[in-house]
Each structure stands twice: as structure tokens, then as C-alpha cells.
Amino acid sequence: MTKYSYACRDYPEMEDCPGEVAAATEEEVWKLMELHAVAAHGEDPSQWTVEDRAFLQTLIGSE
Ligand SMILES: [Zn+2]
């Protein structure tokens, strides 16, 4: 099964964040990324721009 994952430390200036998420689908990884952003960083994912999401997409890995 393919595993999709995102590590917050790969995001610029988030090097110290230990947050990582992984799931079987990219869709679920996105949901978990958004939850992490809210819970850990107080962000509002609805404010993320198309550019933000395009960059985040490049940080999602699969194996
Ligand atoms: Zn984080």
C-alpha cells in the first residue's frame, strides 16, 4: 500500500516542529495537515492560498 506523508519540518522556518502526518491517501494527508496547522500553529487553512497549497503539495511524499 502506498503511504503518503508530510513532515512539518520540511516547510521553511518550521524546522523545529516535530509534527508529521501519514495516511493511505493524499486527501487524508491534507486533512491531517490542516488539523496539525490548526492545533500546533493556530493557522486557518481556509486562508491558505492556491500558491500555499501548491507548495505544500510538493512536500507530500509517497512511498
Ligand atoms: Zn508543525
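Me: Which residue in β2 does Tyr4 stand opposite?

Reply: Keep in mind that this model is predicted. Tyr4 stands opposite Ala23 in β2. On the β3 side, Tyr4 stands opposite Ser62.

Me: How many bridges join β1 to β2, and how do these strands run?

Reply: Four bridges join β1 to β2. The two strands run antiparallel.

Me: How many bridges join β1 to β3?

Reply: Two bridges link β3 to strand β1, residues 4–7. This pair also runs antiparallel.

Me: What is the order of the strands in the sheet?

Reply: The order is β2-β1-β3, in an open sheet of three strands with antiparallel pairing. β2 (20–23) and β3 (61–62) are the edge strands. Each has a single partner strand, so one side of each lacks a neighbour in the sheet.

Me: What should I expect of side chains along a strand?

Reply: In a regular strand they alternate between the two faces of the sheet.

Me: What pattern does the chain follow along the sequence?

Reply: The pattern is β-β-α-α-β. The radius of gyration is 11 Å, close to the 11 Å that the globule rule gives for 63 residues, so the chain is as compact as a globular protein of that length. The C-alpha trace spans about 30 × 25 × 20 Å along its principal axes.

Me: What share of the residues count as buried?

Reply: Of the 63 residues, 5% count as buried. For contacts, look at separation along the chain. Among contacts with a separation of 6 or more, 32% come from residues 24 or more positions apart.

Me: Where does helix α1 lie?

Reply: Helix α1, residues 26–41, lies across β1 and β2. Its angle to β2 is about 155°.

Me: How do I read the length of α1?

Reply: Start with the general idea. An α-helix has 3.6 residues a turn, so residues three or four places apart point the same way. Now the case here. α1 has 16 residues and reaches 21 Å from its first C-alpha to its last. That is close to the 22 Å expected at 1.5 Å a residue.

Me: What follows α1?

Reply: Gly42 follows α1, and its phi is positive, near 65°.

Me: Which residue other than glycine has a phi near 70°?

Reply: The general rule first. Most residues other than glycine have a negative phi. Here, Glu13 has a positive phi, near 70°. Glu13 sits in the loop between β1 and β2.

Me: Is Glu13 buried or exposed?

Reply: Glu13 counts as exposed, because it has 6 C-beta neighbours inside 10 Å. The cut-off for exposed is 12 or fewer.

Me: Where is Thr25?

Reply: Thr25 is in the loop between β2 and α1. Thr25 is exposed, with 11 other C-beta atoms within 10 Å. Thr25 and Thr2 are 23 residues apart along the chain, and their C-alpha atoms are separated by 7.9 Å.

Me: Which helix holds Arg53, and is Arg53 buried or exposed?

Reply: Arg53 lies in helix α2, residues 50–59. With 12 C-beta neighbours inside 10 Å, Arg53 counts as exposed. Arg53 and Met1 are 52 residues apart along the chain, with 25 Å between their C-alpha atoms.

Key: Residues are numbered from 1 along each chain as its sequence is written. This is a predicted model: local features need pLDDT of at least 70, side-chain atom pairs count only at pLDDT 80 or more; totals for chains, interfaces and linings use all residues. Two strands pair if DSSP finds at least two bridges between them. Two residues are in contact if their C-beta atoms, placed from the backbone, lie within 7 Å. Axes are lines fitted to C-alpha atoms, for helices over the stretch in contact, and angles run from 0 to 180 degrees between N-to-C directions. The radius of gyration is taken over C-alpha atoms; the globule rule is 2.2 Å times the number of residues to the power 0.38. A residue is buried if 20 or more other C-beta atoms lie within 10 Å of its own, exposed if 12 or fewer, and partly exposed in between; C-beta atoms are placed from the backbone. The expected span of a helix is 1.5 Å times one less than its number of residues.
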